[in-house]
Amino acid sequence: MDGGVPGVADGEAEAVLGALRRGEPALWRRPGPARLEADRAPLDGGEAADAQDRFTRFAPALARLFPADGWDGQVRSALSPAPDGWDLWLKGDHALPIAGSVKARGGVYEVLCHVESLAGAAGVWAPGEPMLRLLEPAAVAALSRHWLAVASTGNLGFAVGVAARAFGLRAEVHMSREAKAWKKARLRAIGVEVVEHAGDYGLAVARARERAKTEGAYFVDDEASRRLFVGYAAAAAELAGQLRERRLEIGPKRPLVVWLPCGVGGAPGGIAAGLKRIYGADVRVVFVEPVASACVLAALAVGGGRPVSVYDLGLGNDTLADGLAVASASPLALDAIGRNIDAVAAVSDAAMLRWIARAWREAGLRLEPSAAAALAAAELTRARAPDLVPEGAVQVAWLTGGSLLPDDEFERLLAQAHALPPA
Ligand SMILES: *Cc1c(COP(=O)(O)O)cnc(C)c1O
């Protein structure tokens with residue numbers, strides 16, 4: 001292999017890597033029969049139950065902090081049927097409260113864990129007491145003596161910053177060059193310290209980690225945090241409940257196929273780990289990446305279980321999908337779920353734009369490119385690997401973000417979509 005990438009790829013994997021190097025859409029499939037592999041850090045039932053409990057305990061406090069019409073404080077999204085002809089269910093995390101993206105699961109969950117332990121240590125809350133106590137002046141005063149740091153391409157910093165500030169913590173968000181101006185402005189408006197980096201996401205993480213260490217601050221580590229992972233994983237039980245309510249029984253004859261947009265791999269990894277725990281081999285998880293940032297695809301195709309940098313493949317990590325613009329996968333995510341990822345689809349920015357326009361036109365959905373990637377990937381998977389999506393399978397596209405996009409941002413995306421040549 002050229003490009004300085006360690007490990008060996010077999011012929012098929014080599015062909016997929018070749019397509020990526022040419023900047024073309026690609027689909028990698030786990031070789032061998034569908035069977036559950038033992039991951040090194042699987043999700044245990046205790047962790048999953050703990051996450052659900054914590055979200056439920058915090059619901060009254062979240063409802064108070066983020067008042068919205070009729071919201072009960074539960075971080076949940078709807079499962080809705082897609083328009084005729086899409087043959088999909090849509091998991092609406094683009095409309096999640098607090099953050100308008102899937103980061104309202106992992107990012108907010110990690111803040112809740114941290115706030116709970118700080119409050120316990122400060123003696124302003126004790127296990128068994130209502131979480132509303134955290135909103136009393138004594139608790140807010142105690143919490144406001146602490147700060148945390150996080151690095152982000154935009155959405156994680158947004159979710160963590162907003163949640164941390166709501167409980168009185170100070171927050172420093174290190175943004176990589178992809179981060180959109182409106183996300184930075186909104187964070188600054190609520191008193192978050194935004195540090196801008198000219199480099200990519202990996203660099204922003206390294207800088208933030210360093211700074212948190214020297215300053216003794218808590219660091220939300222997107223490349224290594226178990227709390228983030230577990231917060232995302234809680235979504236699996238939620239989806240399982242929604243499928244049951246609709247009498248969509250999942251089994252060998254009716255598998256579940258889920259498309260999960262992927263940046264470092266934490267969000268899709270956590271959700272996939274949760275789903276595998278519930279459905280075993282009856283769920284097929286397809287991770288979705290932009291061609292230019294296909295770091296999980298690259299790591300799996302090269303093999304060896306370690307992250308691979310997309311720069312070493314000659315890719316630029318330049319994509320419209322800011323939420324997925326990551327050059328190197330999270331080692332934690334690869335360890336925890338890598339061997340159970342059934343397929344990875346790498347889609348073009350043009351396909352994401354076309355789906356943004358179509359989702360708006362046909363379903364009235366406001367999606368960011370990272371979320372539209374799931375729809376583009378479903379199309380690519382059906383075309384290239386129809387056996388992965390058998391007749392009768394229950395198909396779910398995870399729409400990971402977009403409802404908070406300002407009008408002018410969204411209109412710019414629609415204009416870009418309309419300027420594309422016909423597919
Ligand atoms: C962060 C993000 C993802 C992927 O999450 P990772 O944990 O980085 O893999 C997908 N979609 C959107 C909109 C995101 O913000």
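Buried means under 20% relative accessible area, exposed over 50%, and partly exposed in between, computed with a 1.4 Å probe on protein chains only. The model is predicted: local features need pLDDT of at least 70, side-chain atom pairs count only at pLDDT 80 or more, and totals for chains, interfaces and linings use all residues. Residues are numbered from 1 along each chain as its sequence is written, and side-chain values use heavy atoms, with hydrogens and water left out.

**Exercise 1. Determine which residues of helix H10 are buried and what covers them.**

Step 1. Locate the element. Helices (H or I, at least four residues) and strands (E, at least two) are DSSP runs, numbered from the N terminus. H10 spans residues 295-302.

Step 2. Count the buried positions. Eight of the eight residues in H10 are buried, so the helix is mostly covered.

Step 3. Name them. The buried residues are Cys-295, Val-296, Leu-297, Ala-298, Ala-299, Leu-300, Ala-301 and Val-302.

Step 4. Find the cover. Contact means heavy atoms within 4.5 Å. The cover of these buried residues includes helices H1 (11-21) and H11 (331-337), together with strands E1 (26-29), E9 (283-290) and E10 (343-347).

**Exercise 2. Find where the non-glycine residues Ile-98 and Asn-317, each with a positive phi, are placed.**

Step 1. Take Ile-98. Its phi is about 75 degrees, and its place is the loop between strand E3 (89-92) and helix H3 (103-122). Ile-98 counts as buried because its relative accessibility is 10%.

Step 2. Take Asn-317. Its phi is near 55 degrees, and the residue is found in the loop between H10 and H11. With 3% relative accessibility, Asn-317 therefore counts as buried.

**Exercise 3. Describe the surroundings of Leu-239.**

Step 1. Leu-239 is part of helix H8, residues 226-245.

Step 2. Check the accessibility. The relative accessible area of Leu-239 is 0%, so the residue is buried.

Step 3. List the neighbours. Leaving aside residues up to four places away in sequence, Leu-239 touches Leu-79, Lys-91, Leu-256, Leu-275 and Trp-398.

Step 4. Compare sequence and space for one pair. Leu-239 and Leu-275 lie 36 residues apart in sequence, with 8.6 Å between their C-alpha atoms.

**Exercise 4. Summarise the overall fold and the domain layout.**

Step 1. Count the elements. The protein has 14 helices and 11 strands.

Step 2. Test the size. A compact globule of 423 residues would have a radius of gyration near 22 Å, and the protein has 20 Å, which agrees. The radius is taken over C-alpha atoms, and the globule rule is 2.2 Å times the number of residues to the power 0.38.

Step 3. Buried residues make up 59% of the 423 residues. Among contacts between residues at least 6 apart in sequence, 73% join residues at least 24 apart.

Step 4. Separate the domains. Domain bounds come from an automatic or database domain assignment, which gives domain 1 (10-44 + 70-98 + 231-418) and domain 2 (102-226). The contact takes 36 residues from domain 1 and 26 residues from domain 2. The centres of the two domains, taken over C-alpha atoms, are 26 Å apart.
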